[in-house]
Amino acid sequence: MSDSPPVPPAPAPPPADASRERIIAAATTLFADHGYDGTSTRRIAAEAGLNMATVAYHVGGKPDLYREVMLRAHLAEQRVLTDALATFRDLAPTDPVAAVTGLVDRYLDFCLDQPHIPALWMRRWLSDAAEFADLEAAYARPLIDAVRDTVRAVVPASPRAGTAAPADVEMTVWTVLWSTHGFCRSGIRAEVPRFRAHLRALVLRDLGLAAPEPREREHG
């Protein structure tokens, strides 16, 4: 009779939902770091510690997985902006400057906390995943429009000081988006306070809400 110790049972496979979340987490990181075009299903499976058949079973093909990743990124952004715009509407009638700077801060903090989201969108700006051209219209455009329309309601309608035209609110919103995404991918996290102050001042100036610069006294 053998005295060999009993062979321990094989570990149970992870639950289906846990496997799916592992796959989506791995794909999110890889799509953000390498783009859709630069990421293979095999690499996603290896990153998740699963075989390709398991990946296909839980999420389908790479296009299905990409759409799921982008949907989750959109829903996270939508949640934070919906809440931030509600706060903006409450504050704007009495303190538009605080409302605008608060909105800018919320978006910057969101992007700093979720750096994969700016990365995913910046990949798309470089023509990554070009076959998914509908995502901008479905996800980005409605959020841009919502911010533009909400902010426009409190922006002075008269021309800004030193200009012949009122603020172009939509371009200001895009400027915040481009600048914030670029900063969050730059790796200079030590400069967050400086960038935050710069972004606030830029937006207030662009919207005509900044205090006028004091004029130098003329000397006789």
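Is Ser-127 buried or exposed? Ser-127 is exposed, at a relative accessible area of 52%; buried here means under 20% relative accessible area, exposed over 50%, and partly exposed in between, with a 1.4 Å probe and protein chains only.

Before going on, the conditions. This is a predicted model, in which local features need pLDDT of at least 70 and side-chain atom pairs count only at pLDDT 80 or more, while totals for chains, interfaces and linings use all residues. Residues are numbered from 1 along each chain as its sequence is written, and side-chain values use heavy atoms, with hydrogens and water left out.

Ser-127 sits in the loop between α6 and α7; helices are DSSP runs of H or I with at least four residues, numbered from the N terminus. Its phi is positive, about 70 degrees, though Ser-127 is not a glycine. Most residues other than glycine have a negative phi. Ala-129, also in the loop between α6 and α7, has a positive phi near 55 degrees. Ala-129 is buried, at 0% relative accessibility.

Now the pocket. A pocket is an open set of points on a 1 Å grid over the protein atoms alone, where a 1.4 Å probe fits, with protein on both sides within 12 Å along at least five of seven lines; lining residues have an atom within 4 Å of a point. The largest pocket holds about 390 Å³, the space filled by probe spheres set on the points, which are joined across faces, edges and corners. Its lining has 23 residues, with Tyr-107, Ile-144, Val-147, Val-173 and Leu-177 nearest the centre. At least two lining residues come from each of α4 (62–91), α5 (96–113), α6 (116–125), α7 (134–152) and α8 (169–184).
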